[in-house]
Amino acid sequence: MNLRTVLSFGLLFSSVAIYAQHINIPVETRSNALVLQADAKKNLNTIYFGKKLANASEYDQVAAQYKQTSEYTGVLSSPYTPAGSKSLLEPAIAVTHADGNNSLDLRYESHKVEKISDDVSLLSIVLKDPVYDFQVTLYYKSYFKDDVVEQWSVIRHREKGNVVLQKFASGSIYLKADGFWLNQYHGDWAKEMQPEESKITHGIKTLDTKLGTRANLFQPSVFMVSLNKPATEDEGTVLYGALEYSGNFRTDLELDYQNNLKVISGINNFASPYSLKPNEEFTTPAFLYTLSNTGKGDASRNLHNWARNYKILDGKGNRLTLLNNWEATYFDFNEGKLFELLKDTKKLGVDLFLLDDGWFANKYPRNGDVAGLGDWEENKTKLPNGVASLVKEAGNNGVKFGIWIEPEMVNPKSNLYEKHPDWVIKQPKREEHYFRNQLVLDLANPKVQDFVFGVVDDLFTKNPELAYIKWDCNAVIYNAYSSYLGNQNHFYIEYMRGLYKVLERIRAKYPSVPMMLCSGGGGRVDYAALKYFTEFWPSDNTDPIERIFIQWEYSYFYPAITSSNHVTDWGKQPIKFRTDVAMMGKLGFDIVVSHLKENDLKYCQEAIKNYNTLKPVIWHGDQYRLANPREGSVASMLYVNPEKSSAVMFSYLVNNRYDEGSKLPVRLKGLDSGKKYSIKEINLYPDTKSAIDASKIYTGDFLMKVGFNPVVNSGRTSVVLQIEEIK
Ligand code: GLA
């Protein structure tokens, strides 16, 4: 044997040995497994994502069962596809190296798993470019009980100059199925969360926003993908996804030539090539997903549990019911008028009075939405004794006090704009363009961050008893430009970093005060923001019929405790209907209490008392969507406490045609089939009799197999049933 033969024999041998040494990296949760594999060449691919197998050694057998067309690249199922080397499809990451080269290859280097708790594990996988000193660490934080995974990446390099990140997704997932159906959302002001379902065709479908802030106005990042067939509430395989980010996001869903689906999600790279310095770390936001093999209901309950346990500020805690003065007064109020409303807060029976827009600015008083935004001192004409006197008066009335701010924004007609034109986002050479007569402040600038933090800090310093903040955000970003930043490509990212820095500072100093995230309606909610906010405002549209639909769609992704629902004068429904709908989340009122008819007031007072008994079940229980308003004339929603001993069911007539109503029983869910329950109608309008016989007793078995008829009809358009275990 000559030397050459020995060498080639040896090489062959060693490559076979390495081949046999592929490494499987599983991410396991209660029901599912995502299995990644580093092959002999250290390419990292997805070999399985679905229901967990009983025998882990069988994951290696999965690939052979798929006889799809050729895999030319060896990286088709990469969990983080780099651009410019072998990959032929949409990348998760694309870069221009310090030397101008556009290619990137990422090979497996190492991985480790950190057990954070019994429930939570953190897997990190280091990938390196074999040619450039460039690396990405992929993170998978898995929440075992809830089948939830958060995925993000950290990008760094040690090249001789800056590397430009052209695309920098948080992560991706690769799915195999016999067809995929996307459920996505679109909207506008007062029309949030409009669902659309379609079969995914070949090519790329992109869900994204380029609005900068109030970023979800036209499209939120939440979506669902059903596998094999459209999932229903209780059947089918469905993936819920969302980006935990409040700025520009981009999710690409690519159905490839083999009929597999890759979902890549991250910050939108639109107008944002990012120059990364040597040794600087770029951490992407988390891409969140949960996979259910038992339909949409379990997916949402898993997500709700996860959110309350791990994400939402005070997710397991309490919330305050409130009376808001926005629609009662708009900008037209003074101290006397507010004192009257404060009295009504107590009379109504809610916890807090919330003073809305219009309380500030003197040079250009805030008497409409055209002036004053940015000048956060009390308007002397309306409030000669300041906010302090209102807080005190609230205390005298035995209620708490909260206040509206919109600290990221400025009206051109304001002292702030005149003093600090360089703090405002606008193009230096172009005419200004306004959204609701206002512009956005440049949160990339640390001085603006200090200012925005100061707005909140001043309010609390002067009024330590202030109990609630409604944080609004009514404009999108036009003419994106920061006079502070050297590199305009970093603008959108630095804006969000600035916002999160401010929120961090606020929460460091005021860790638990409840704050509502509002954005001219639902233009902003996401799971990054909900780390700082206790609740959000789903829509300015409070017409209860519309709200049934809007709240229904939000309920797939966000638990009821986060949904601020106010009773207003929108819509033609009676006060009972409006209040019942608002009770399916965090209840508030925005009406003139003194204008209520006697029985209407009596009704509200009684309903609030009922709500105070039921709120633990609504906020912390399991939510079941029983009858879909898009599929029939009746909408029905159920909340069950974890012990399955107490539940509340809300049912509504959503179709006014002749003789519509609940013809059939509505099947309940989530009860204990062995337990016995009584069903009592509550929230009855004064002097009306219930059509429900409260003395009857039913087993959970009956209620879940046969169901129960709430007797919804044109004379009973809104029915609330309290279901209690009988021992
Ligand atoms: C936005 C909010 C409303 C109200 C107004 C005040 O539209 O969504 O609830 O606070 O601003 O200007």
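**The ligand shell, cores and domains of a predicted model**

User: In this predicted model, how many nonpolar, polar and charged residues does the shell around the ligand have?

Analyst: The model is predicted. Sorted by class, the residues of the shell around the ligand are four nonpolar, three polar and six charged.

User: Which residues are the closest to the ligand?

Analyst: The ligand is surrounded by 13 residues. The closest of these are Asp356, Asp357, Lys470, Asp472 and Asp540.

User: How many Å lie between a polar side-chain atom of aspartate 540 and an oxygen atom of the ligand?

Analyst: A polar contact requires a pair of N or O atoms within 3.5 Å. For aspartate 540, the distance from a polar side-chain atom to a ligand oxygen atom is 2.5 Å.

User: What part of the ligand's accessible area does the protein cover?

Analyst: On its own, the ligand has 310 Å² of accessible area. The share of this area that the protein covers is 95%.

User: What distance separates an N or O atom in the side chain of tryptophan 404 from an oxygen atom of the ligand?

Analyst: The side chain of asparagine 474 has an N or O atom 3.4 Å from a ligand oxygen atom. For the side chain of tryptophan 404, the corresponding value is 3.1 Å.

User: Which residues touch the most other members of the largest nonpolar core?

Analyst: The largest nonpolar core holds 185 residues. Those that touch the most other members are Phe134, Trp359 and Trp471.

User: How many residues of domain 3 are in contact with domain 1?

Analyst: Domain 1 spans 17-311, while domain 3 consists of 538-569 + 605-727. Their centres, taken over C-alpha atoms, are 37 Å apart. On the side of domain 1, 23 residues take part in the contact, and on the side of domain 3 the number is 22.

Technical notes. Residues are numbered from 1 along each chain as its sequence is written. This is a predicted model: local features need pLDDT of at least 70, side-chain atom pairs count only at pLDDT 80 or more; totals for chains, interfaces and linings use all residues. Side-chain values use heavy atoms; hydrogens and water are left out. A residue is near a molecule or strand if one of its heavy atoms lies within 4 Å of it. A polar contact is a pair of N or O atoms within 3.5 Å; within protein, one must be able to donate a hydrogen and the other to accept it, and residues adjacent in sequence count only if both atoms are side-chain atoms. Accessible areas come from the Shrake-Rupley method with a 1.4 Å probe; for residues, only the protein chains shown count as cover. Ala, Val, Leu, Ile, Met, Phe, Trp, Tyr, Cys and Pro count as nonpolar, Asp, Glu, Lys and Arg as charged, and the others, Gly among them, as polar. A nonpolar core is a set of buried Ala, Val, Leu, Ile, Met, Phe, Trp, Tyr and Cys residues joined through side-chain atoms within 4.5 Å. Buried means under 20% relative accessible area, exposed over 50%, partly exposed in between (1.4 Å probe, protein chains only). Domain bounds come from an automatic or database domain assignment. Contact means heavy atoms within 4.5 Å.
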